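Welcome to my notebook. I looked up a handful of places in this structure and wrote down what turned up.

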Amino acid sequence: SDYSQEPPRHPSLLINSKVPFNAEPPRSALASSYVTPVDLFYKRNHGPIPVVDDIERYCVDICSLIGTPKKLYMRDVRMLPKYNVTATLQCAGNRRTAMSKTRKVRGVGWDVSAIGNAVWGGAKLADVLELIGIPKLTCSTQSGGKHVEFVSIDKCKEENGGPYKASIRLSQATNPEADVLLAYEMNGKPLNRDHGYPLRVIVPGVIGARSVKWLDSINIIAEECQGFFMQKDYKMFPPSVDWDNINWSTRRPQMDFPVQSVICSLEDVQSIKPGKVTISGYAVSGGGRGIERVDVSIDGGKTWLEASRSQKTGVPYIADHVSSDKWAWVLFEVTVDIPYSTEIVAKAVDSAANVQPENVQDIWNLRGILNTSWHRVQVRVGQ
Ligand code: MTE
Ligand code: MO
């Protein structure tokens, strides 16, 4: 494959792999802004970044089981009502390195920054599907179509040189409140090549793997997408399953991500002076569930303090979907006195009262996905 036309990237990104390009920002840079700058947003690719230079001729083929196929040009997408949705995108492999420390897993070695929060601008998929005669809030069509498949332009080795693809349920795709977008903007600017120029899917509240970049076609299909990343990857297995006894067909593709929180203001291990320390980070849950609470411990989880939470400055955060960005992370902060070396821990609770698991061993899985265990950092206090 050809990596001669990769775009320029920010020098402070921590590179996990050069080809394909996989990189994340330093954790200290991540929680310093509610909206993650595009340059610092993690980049997760499975092949070379496609080159789309003739934007006039670029179009997405939409095929359904009924009716005639349609070609969707950028001008057609731009003609539909434009929505700006603030949504956190998180790779299922975020925090994989920490899981690998208890028992080896396969996959890109992410620290805690394979996640970012952006304002995605574009058309709602529900509006696009209406153009080809699929009404809003459709659960299944007469001809049996139940899933919407997104196929990319890129080429990856996992698909034997074919394109990256994924699908979501038709009921989610046609639900305007699910806010599934065909996005052409990120933080108010046209998408850049790394993030899917000219058009990508954003599926809020769902693992990043389903938000297909560089969209080439949309297919309404009867069964879920049979691609590698749906059927042979991004599934959550129990700790008893390893590479010698895995049966992929026993599990469903992961969609919503679980409740997560991470301390970004401290490295593990961090040396500090005794005294007041501000502990800050992010917390987010999938499926549009807001963050109800973030607990911080400075004694390894024996006692807890509640951190303050925020989204937009000056607007109180309430996890009620009306005054909050329901698909977006919250930033948390608490100032504490740390007199001696200790373990600092964060854990969040979402609006369905889901909590993070205490120990990573209990959720170990061979692909190293969804490490949402309590986030722990060691601090060494010296004079
Ligand atoms: N879409 C295409 N076409 N190719 C890819 O490799 N990677 C997926 C998803 N969409 C991918 C893709 C994965 S695993 C993630 S986590 C997100 O894109 C990452 O999006 P980002 O690079 O914009 O952060
Ligand atoms: Mo991912």
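Is A353 buried or exposed? I found that A353 counts as exposed, because its relative accessibility is 56%. For that label I used these cut-offs: buried means under 20% relative accessible area, exposed means over 50%, and partly exposed is in between, with a 1.4 Å probe and protein chains only.

**Ground rules**

I am reading a predicted model, so local features need pLDDT of at least 70 and side-chain atom pairs count only at pLDDT 80 or more, while totals for chains, interfaces and linings use all residues. Residues are numbered from 1 along each chain as its sequence is written, chains are lettered from A and ligands numbered from 1 in the order in which they are written, and side-chain values use heavy atoms, with hydrogens and water left out.

I stayed with A353 for its backbone. Its phi is near 65°, a positive value in a residue other than glycine. I placed A353 in the loop between β21 (342–350) and β22. Helices (H or I, at least four residues) and strands (E, at least two) are DSSP runs, numbered from the N terminus.

I noted R95 next. It is not a glycine, yet its phi is positive, at about 70°. R95 sits in the loop between β6 (83–90) and α3 (96–102). R95 counts as buried because its relative accessibility is 3%.

Then I looked at peptide bonds. The one from Y197 to P198 is cis, with omega near 5°. P198 belongs to the loop between β11 (189–190) and β12 (200–202). The bond from D268 to V269 is cis too, with omega near 10°, and V269 falls in the loop between β14 (260–263) and β15 (270–272). I wrote these down because most residues other than glycine have a negative phi, and most peptide bonds are trans.

**Entry: ligand 1**

Which residues are closest to ligand 1? I counted 20 residues around the ligand, and the closest are Y42, H46, H195, R200 and K213. A residue is near a molecule if one of its heavy atoms lies within 4 Å of it. By class, this shell has nine nonpolar, six polar and five charged residues. Here Ala, Val, Leu, Ile, Met, Phe, Trp, Tyr, Cys and Pro count as nonpolar, Asp, Glu, Lys and Arg as charged, and the others, Gly among them, as polar.

I then checked polar contacts, meaning pairs of N or O atoms within 3.5 Å; within protein, one must be able to donate a hydrogen and the other to accept it, and residues adjacent in sequence count only if both atoms are side-chain atoms. The side chain of H195 has an N or O atom 2.7 Å from an oxygen atom of ligand 1. For the side chain of R200, the distance from an N or O atom to a ligand oxygen is 2.8 Å. R44 takes part through its backbone, with an N or O atom 2.9 Å from an oxygen atom of ligand 1. How much of ligand 1 does the protein bury? Taken alone, the ligand exposes 530 Å², and the protein buries 100% of that. Such areas come from the Shrake-Rupley method with a 1.4 Å probe; for residues, only the protein chains shown count as cover.

H375 lies in strand β22 (residues 375–381). H375 is buried, because its relative accessibility is 5%. A polar atom of its side chain is 2.9 Å from the backbone nitrogen of I263.

V377 is also in strand β22. With a relative accessible area of 0%, V377 is buried.

C264 is in the loop between β14 and β15, and at 3% relative accessibility C264 counts as buried. C264 and Y282 are 18 residues apart in sequence, and their C-alpha atoms are 7.4 Å apart.

R293 is in strand β17 (residues 291–297). Why did I label R293 partly exposed? The label applies because its relative accessible area is 32%. The C-alpha atoms of R293 and V355 are 9.8 Å apart, and the two residues are 62 apart along the chain.

I298 is in the loop between β17 and β18 (305–306). I298 is partly exposed as well, with a relative accessible area of 23%.
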